[in-house]
Amino acid sequence: MRCTRQRPSGPSSGFTALEMSLAIALLAIVAVKAFGALQRVNSATGASTSWVVVEDQARRVLQQIGYAVMGANRETLVPDSEAPLSMEDLTFQVNLGIQDGEVVWGDPEQISLDELRGAVFWSDTPGAAQQRRIVWTKLVAPFLEGELPNGMDDNGNGLIDEKGLSFVVDRNAVTIRLTLIDTDKDGNAVTQTVQTTVTCRNIGEPTP
Ligand SMILES: [Ca+2]
Ligand SMILES: [Ca+2]
């Protein structure tokens with residue numbers, strides 16, 4: 001008796017060309033959707049990261065400026081413009097401690113805005129040959145958030161055309177405003193504005 005092997009038939013006989021085409025098409029659709037979702041997640045993560053970096057830097061720089069101004073002698077603040085005028089540079093001397101019953105004042109220090117570079121600098125002995133200069137940030141916006149260079153107070157804070165860093169002195173208090181701006185990886189602007197008012201702790205004439 002001769003046995004012959006027959007090819008199985010029915011659903012278990014494997015994929016047909018049509019089924020294979022459908023499967024490939026479905027896989028392609030799933031892959032496209034997954035890639036799109038991944039791109040959206042990456043984009044959101046990038047924007048979030050940029051925002052966090054700018055916010056952290058704005059708060060850190062504001063704190064650095066605040067600490068410096070708190071240690072300054074009110075009488076040494078130059079200039080000392082009051083609202084609606086503001087200034088973007090501040091020169092001062094800080095209290096270094098007591099020696100022989102006398103307050104010892106440090107050399108003049110300056111916090112200044114380099115508008116072209118969008119940078120805030122701290123420096124000591126401004127104008128001297130051996131001046132130290134340290135960059136605190138390079139993300140300063142040309143003007144405070146919401147402000148335009150038009151001779152008007154666009155953002156309603158009582159100041160006219162204030163820059164991305166501004167100081168306003170009111171008796172012993174100094175209000176510091178700062179707007180940082182950067183772009184995320186998609187080219188969208190990321191802006192953070194912070195503000196604080198600190199009081200100069202030291203009143204009185206510095207040592208000449
Ligand atoms: Ca304003
Ligand atoms: Ca304006």
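Reader: In which strand is the place of glutamate 109?
Author: Strands are DSSP runs of E with at least two residues; helices are runs of H or I with at least four, and both are numbered from the N terminus. On that count, the place of glutamate 109 is in strand β4.

Reader: This is a predicted model; which pLDDT (the predictor's confidence in each residue, from 0 to 100) do local features need?
Author: Residues are numbered from 1 along each chain as its sequence is written, while chains are lettered from A and ligands numbered from 1 in written order. Side-chain values use heavy atoms, without hydrogens and water; totals for chains, interfaces and linings use all residues, side-chain atom pairs count only at pLDDT 80 or more, and local features need at least 70.

Reader: Where in the chain is confidence highest?
Author: The chain averages a pLDDT of 84, and 84% of the residues score at least 70. Confidence is lowest in helix α1 (residues 17-70), at a mean of 81. It is highest, at 96, in strand β9 (residues 189-199).

Reader: How many helices and strands does the chain have?
Author: From the N terminus on, the order is α-β-β-β-β-β-β-β-β-β. The total comes to one helix and nine strands.

Reader: Is glutamate 109 buried or exposed?
Author: Buried means under 20% relative accessible area, exposed over 50%, and partly exposed in between (1.4 Å probe, protein chains only). Glutamate 109 has 15% relative accessibility, so it counts as buried.

Reader: How far apart are glutamate 109 and tryptophan 122 in space?
Author: Contact means heavy atoms within 4.5 Å. Leaving aside neighbours within four places in sequence, glutamate 109 is in contact with Leu90, Thr91, Phe92, Val94, Trp122, Ser123, Asp124 and Pro126. Glutamate 109 and tryptophan 122 are 13 residues apart in sequence, and their C-alpha to C-alpha distance is 7.3 Å.

Reader: Which residue in β4 stands opposite threonine 91?
Author: β1 and strand β4 (residues 109-114) run antiparallel, joined by three bridges. Opposite threonine 91 stands glutamine 110.

Reader: Which residue in the turn of the β2 and β3 hairpin has a positive phi?
Author: Strand β2 (residues 95-99) and strand β3 (residues 102-105) pair in the antiparallel sense over four bridges. Glycine 97 has valine 104 as its bridge partner in β3. The hairpin has two residues between its strands, and the positive phi of about 55° belongs to aspartate 100.

Reader: Is arginine 171 buried or exposed?
Author: Arginine 171 is not a glycine, yet it has a positive phi of about 55°. Its place is in the loop between β7 (165-170) and β8 (173-183). With a relative accessible area of 63%, arginine 171 is exposed.

Reader: What is omega of the peptide bond that joins valine 78 and proline 79?
Author: Proline 79 has its place in the loop between α1 and β1. The bond from valine 78 is cis, with omega at about -15°.

Reader: Which residue is a donor of the calcium ion (ligand 1) through O?
Author: Donors are N, O and S atoms within 2.8 Å of the metal (3.2 Å for Na, K and Ca); water is not among the atoms, so sites may look incomplete. The protein donors lie 2.3 to 2.6 Å from the ion, among them Glu147 (OE), Asp153 (OD), Asn155 (OD1) and Asn157 (OD1). In sequence the donor residues are spaced E-x5-D-x1-N-x1-N-x1-L-x2-E.

Reader: Is leucine 159 buried or exposed?
Author: Asparagine 157 has 23% relative accessibility, so it counts as partly exposed. Leucine 159 has a relative accessible area of 1%, which means it is buried.

Reader: How far apart do the calcium ion (ligand 1) and the calcium ion (ligand 2) lie?
Author: Glutamate 147 bridges the two ions. They lie apart by 5.9 Å.

Methods:
Two strands pair if DSSP finds at least two bridges between them.
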